[in-house]
Amino acid sequence: MQKANIVLFTFVKNESLEIILLSIFKYNPEKLYIVMDVPRNMEEENCQNKVDAILNIYTSKLNIVFIKPNSHL
């Protein structure tokens with residue numbers, strides 16, 4: 001049975017991200033698309049670095065496609 005792809009929108013909040021990613025990992029989709037805007041300031045950049053660190057745990061375990069613009073939208 002083919003599994004559905006998943007799209008995850010994230011930005012600077014990481015409180016629930018690990019729980020969400022663990023559920024996605026258990027499902028093991030064909031592809032996981034992660035959409036993330038670029039930070040607008042240093043505070044958001046620091047928060048987003050924490051989000052990136054959590055995401056990096058799963059990059060070798062899932063087929064992840066990152067969608068991130070070059071500038072803030």
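Buried means under 20% relative accessible area, exposed over 50% and partly exposed in between, computed with a 1.4 Å probe on protein chains only. The views show a predicted model, in which local features need pLDDT of at least 70 and side-chain atom pairs count only at pLDDT 80 or more, while totals for chains, interfaces and linings use all residues. Residues are numbered from 1 along each chain as its sequence is written, and side-chain values use heavy atoms, with hydrogens and water left out.

View A. Helices (H or I, at least four residues) and strands (E, at least two) are DSSP runs, numbered from the N terminus. Gln 48 has a relative accessible area of 3% and is therefore buried. Its side chain makes a polar contact with the side chain of Lys 68 at 3.5 Å; such a contact is a pair of N or O atoms within 3.5 Å, where within protein one must be able to donate a hydrogen and the other to accept it, and residues adjacent in sequence count only if both atoms are side-chain atoms. Not counting residues up to four places away in sequence, Gln 48 touches Phe 11, Val 12, Met 36, Asp 37, Val 38, Pro 39 and Lys 68, contact meaning heavy atoms within 4.5 Å.

View B. An α-helix has 3.6 residues a turn, so residues three or four places apart point the same way. Asn 28, which follows α1, has a positive phi, near 55 degrees.

**View C. Pairing of β1 with β2.** The two strands run parallel and are joined by 5 bridges; strands pair if DSSP finds at least two bridges between them. Val 7 has Tyr 33 in β2 as its bridge partner.

**View D. The largest nonpolar core, with 13 residues.** Such a core is a set of buried Ala, Val, Leu, Ile, Met, Phe, Trp, Tyr and Cys residues joined through side-chain atoms within 4.5 Å. Leu 8, Leu 17, Leu 21, Leu 32 and Leu 55 have the most contacts inside this core. Two or more residues come from each of α1, β2 and α2, and α2 gives the largest share, 4 residues.
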